[in-house]
Amino acid sequence: METPRPDLRSLDAPALEALALDMGEPRFRGRQLFKWIHEKGATSFDAMTDLPAGFRERLAETAQLGTLTEVRRQQATDRTLKSLFRLPSGRHIETVLIPDLDDDGAARRLTVCVSSQVGCAMECSFCATGLMGFQENLTAGQIAEQVHAMDRVARETFGRGVTNVVYMGMGEPMQNYGAVTASLDLLCDGLGLSPKRVTVSTVGLARRIRDFADDQAEGRVRPAGLAISLHAPTDGQRSAIMPVNRSEKTDLKALGQAVRHWYAVTGRPVTYEYCLFSGVNDTVEDARNLARIASWAPCKVNLIMYNPVEGTDFRSSDEPTLEAFIAELVRRRVRVTVRRSRGQDIDAACGQLAVAEG
């Protein structure tokens, strides 16, 4: 089997400098490469006009400039965009561009929801991606490439580049920790994104939350935000819909200890993602239990109106139930926001990302 050519999008500046030296070029050629790939988002070596033609030819013969192929792009009525990308393995991932528009239709914020894996091993019973099972980890370059692709779409469609990135697409980011944290460097150094505008989500892998905090404190990882997909306020409820909670290493007690460690080490709050499911986790008593979790450390609770997923029996809570739930959280001084469905008509909303292979 032919060895695949290295993907230069996975390499940071020092690695590209080393590559240039190995190819007989001055070290600064590597810095030029980094600028073209990660700052300008070049899609071909021919575009790198300040590199010698011979160097570009050798690069084209020995390396790749990205490995994703866009297969399809859809736009929802609310102008959310979703792209389907094919990987070299033949598998597919989905990436979403979510615009926050003002009254005149101009984009105040443009958020890319990136995938970190093909499928997911967490098997959350309400999530389309979880129904796929785990299939493949993405590389740091493939994660960054999604953002660059959507940055081009954002500039074409909305006249400005991406402002925010959330690792909330397909997969459990903390199970692909090395590639995810490496991609943070590529995006922050390349696109110039502030780590404050990047959020990494997890179903609650306690050990990795601790690692993420410690690595940030030691300067090994960019200080991105942390979001936890909570979705239930007691062990019994959470274990029924999220298998990850059935282990003592990742149940609510372990999660609480990890969250306290996160805040003690980073000094930054955490966001809890909480989908409201009718008759499952949406009572006033559930809100009281959620408020107790919110007391672990400074936080924000992001309530999500559930989006339908084929093959599941979950339904979204109605508006009166939502209002009563919010009122109880507010009464208990919990900071709370509500996220409405975006891109639901193209299956681009929270929990809806999935692709059929074959």
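What is the volume of the second largest pocket? In this predicted model, the second largest pocket has a volume of about 200 Å³. Its lining is formed by Pro 4, Arg 5, Asp 7, Gln 64, Thr 67, Pro 88, Ser 89, Glu 136, Thr 139 and Gln 142. By residue class, this lining comprises five polar, three charged and two nonpolar residues.

Helix α6 spans residues 177–190 and contains 14 residues. The distance from its first C-alpha to its last is 20 Å, close to the 20 Å expected at 1.5 Å a residue. The helix is mostly covered, with 10 of its 14 residues buried. The buried positions are Tyr 177, Ala 179, Val 180, Thr 181, Ser 183, Leu 184, Leu 186, Leu 187, Cys 188 and Gly 190. An α-helix has 3.6 residues a turn, so residues three or four places apart point the same way. Just after α6, a positive phi of about 75° is found at Gly 192.

When neighbours within four places in sequence are left aside, the contacts of His 148 are Arg 9, Ile 37, His 38, Gly 41 and Leu 191.

Key
Residues numbered from 1 in each chain as written. Predicted model: local features only at pLDDT ≥ 70, side-chain atom pairs only at ≥ 80, totals over all residues. Heavy atoms only, no water. Helix = DSSP H or I, 4+ residues; strand = E, 2+ residues; numbered from the N terminus. Expected span 1.5 Å × (residues − 1). Buried < 20%, exposed > 50% of the residue type's maximum accessible area, 1.4 Å probe, protein only. 1 Å grid on protein atoms, 1.4 Å probe; cavity = no way out; pocket = protein on both sides within 12 Å on 5 of 7 lines; lining within 4 Å. Points joined across faces, edges and corners; volume = space filled by probe spheres on them. Nonpolar A, V, L, I, M, F, W, Y, C, P; charged D, E, K, R; others polar. Contact = heavy atoms within 4.5 Å.
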